[in-house]
Amino acid sequence: MYEIYCKSFCDSNGDGIGDLQGVISKLPMLQELGINCIWFTPIFTSPQVDNGYDVADYQNIDPAYGTLDDFKELLLKAHALGIRILLDMVLNHSSDEHRWFLESRKSKDNPYRNYYIWQPPKTDGSEPNNWGNYFLEGNGSAWTFDKATGEYYLHQYSAKMPDLNWEYVPLREEVYRMMRWWLDMGVDGFRFDIFTRFKKPAGFPDTPKSPNALLDRNGFIVDRDMCTCVDGIHEIWQNIHKNVMEGRDIFTIGEGSGINIQNVADYTAQSRKELDTVYHFNLVSRKRPPFTLQQFRTEQTQWAEVMKKDVWTTQYLSNHDQPRMVSRYGSDGQFRVESAKLLAVLVHTMPGTPFLYQGEEIGMTNVAYSCIENYNDRYTVGEYYSMLENGMEAEQALAILQPKSRDNTRTPYQWNASRHAGFTTGTPWLKVNENYPSVNYEADQKSSDSIFAFYQQLIRMRKDHPAIIGGNLEFVLPDHENVLMYLRRYEQETLLIIANKSDCEVPVQVPPELIGKVFRRLLSNRPETVPSLGGRSAWLPWEAEIYCVENP
Ligand code: NOJ
């Protein structure tokens with residue numbers, strides 16, 4: 001699965017914004033890479049308050065990206081190359097510029113009133129409860145007062161992104177129709193934005209200040225548990241499945257806020273008829289420190305276990321909401337190439353479908369803008385001003401936010417060493433990372449040793465080795481501080497993966513259960529001249545290797 005952030009992928013008309021014709025021009029490159037499905041972040045008509053996660057028309061393409069005809073052309077051309085297309089359905093909220101909301105706010109008896117969540121003020125005129133909005137905008141509340149009708153509407157994110165009311169059957173039916181329309185056109189499935197937050201707790205009670213509360217602004221609490229996995233959420237998903245997905249050969253994936261080992265089967269077990277799979281945040285979160293090897297082993301072992309319950313999982317280390325994986329979990333200086341390849345090995349050899357985010361295949365890194373005006377991410381901007389309000393110096397706030405900003409992954413794709421990295425002939429909507437003269441697609445094409453070439457080999461390898469897809473997962477050297485070592489076994493095949501996730505050389509240690517085995521090296525991120533396992537005494541920094549065990 002390859003995630004495309006269209007705005008930053010390839011600009012075909014020089015307006016500084018990536019577009020569908022740009023993507024069409026790069027389909028051959030994606031086919032070369034070997035991917036077989038694209039997830040597009042939202043490309044629908046939108047005021048772009050949250051870069052498309054604020055949809056103003058679910059049945060049209062944003063003019064900055066092109067037209068419906070461009071999309072149909074893309075669909076045809078992608079299908080002809082064996083590449084499927086998933087659209088990002090943002091159905092917890094819409095834009096406040098959506099026709100439904102414009103109607104809804106007109107009067108209490110408007111036919112669209114109940115498409116959104118309206119509540120009267122408390123007797124003192126204040127907000128219906130203490131819920132905060134995730135972007136920390138306005139006074140921090142998740143409610144905005146609308147003078148026209150004297151009520152507040154709910155928005156878990158920006159005031160320009162009002163929450164839809166999934167209790168209201170006509171809204172549901174309209175959304176089902178809209179999704180069927182895309183599927184009838186040939187779309188191959190959907191990624192569902194924050195799909196666990198559609199159901200709100202009855203009566204809209206205040207949220208306690210739980211350990212999951214992220215921030216508190218003016219007494220409004222941003223709590224991840226506020227509207228997540230509320231009782232009744234499964235009824236919503238079973239109905240979506242029945243009315244939209246049933247009987248179709250499509251793929252669905254949910255963005256799993258609040259998804260854990262205990263509840264994942266409830267959403268994704270095939271027999272439940274809700275979603276095909278989800279991605280979770282247990283290892284990847286810009287809000288927590290990077291994972292340790294111990295956490296990695298524990299999480300991956302638990303998720304591999306869950307897969308026995310009729311569940312299919314996913315693997316990723318970055319996406320449009322996270323920093324660049326090579327900067328966060330790798331080493332983006334001296335060992336950029338090696339560490340990008342090592343992380344790719346982890347993503348491609350752990351159980352589940354690997355998700356690549358655009359630019360990972362050439363090892364794109366985080367960006368460091370020198371002032372807040374260069375940032376676009378609403379989280380970064382919201383948190384910055386809240387930090388300043390609390391007395392922090394601008395420089396310090398920027399230094400804290402830089403490594404975790406979502407803009408790190410949203411910088412334009414680096415195609416070549418020409419101006420603006422060949423992304424656009426105009427002025428890019430977000431500044432290009434300054435390292436583009438050396439980190440770019442064209443440079444990778446010149447070397448058979450490039451990160452891109454390595455991804456190609458990994459992707460091919462998944463297709464050739466059933467143990468990578470269906471094999472069980474068994475960690476060896478379970479306490480090693482720097483080295484991950486694991487076996488994937490399936491029927492006659494056993495693979496051994498070794499990854500030295502550190503900047504240091506580490507003495508080779510062969511665990512007792514592997515002594516006497518014969519190993520054939522399938523892939524390495526170090527030159528072939530480096531002897532294989534058994535023939536040397538140390539693993540090199542960020543070395544990653546895949547072996548086939550000949551006599552398991
Ligand atoms: C999750 C999306 O991935 C993120 O980019 C967006 O800001 C929020 N949902 C709100 O839609």
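Okay, let's start with a term: two strands pair if DSSP finds at least two bridges between them. Strands here are DSSP runs of E with at least two residues, helices are runs of H or I with at least four, and both are numbered from the N terminus.

Before we look, a word on the source. This is a predicted model, so to speak: local features need pLDDT of at least 70, side-chain atom pairs count only at pLDDT 80 or more, and totals for chains, interfaces and linings use all residues. Residues are numbered from 1 along each chain as its sequence is written, and side-chain values use heavy atoms, leaving out hydrogens and water.

Now, the strands. Take β18, residues 483-490. Is β18 mostly covered or mostly open? Mostly covered: six of its eight residues are buried, where buried means under 20% relative accessible area with a 1.4 Å probe, protein chains only.

β18 has a partner in β17, residues 472-476, and the two run antiparallel, joined by five bridges. Glu 474, for one, has Leu 487 in β18 as its bridge partner. Six residues lie between the strands of this hairpin, and Leu 477 takes a positive phi near 45°.

β18 also pairs with β19, residues 493-500, again antiparallel, through eight bridges. There you'll find Tyr 486 opposite Ile 497 of β19. This hairpin has two residues between its strands, and Glu 491 in the turn has a positive phi of about 45°.

On to helices. Two packed helices are described by the angle between their axes and the distance between the axes. The axes are lines fitted to C-alpha atoms over the stretch in contact, with angles from 0 to 180 degrees between N-to-C directions.

First pair: α1, residues 20-33, and α2, residues 68-80, whose axes come within 9 Å and cross at roughly 15°. So α1 and α2 are roughly parallel, a label for angles under 35 degrees. On the α1 side, the contact (heavy atoms within 4.5 Å) includes Leu 20, Val 23 and Leu 27, and on the α2 side Phe 71 and Leu 74 are among the residues.

Which residues of α9 and α14 meet? Among them are Val 337, Ala 340 and His 348 in α9, and Phe 454, Leu 458 and Arg 462 in α14.

Terms used
Buried means under 20% relative accessible area, exposed over 50%, partly exposed in between (1.4 Å probe, protein chains only). Angles under 35 degrees count as roughly parallel, over 145 as roughly antiparallel, 65 to 115 as roughly perpendicular and the rest as oblique.
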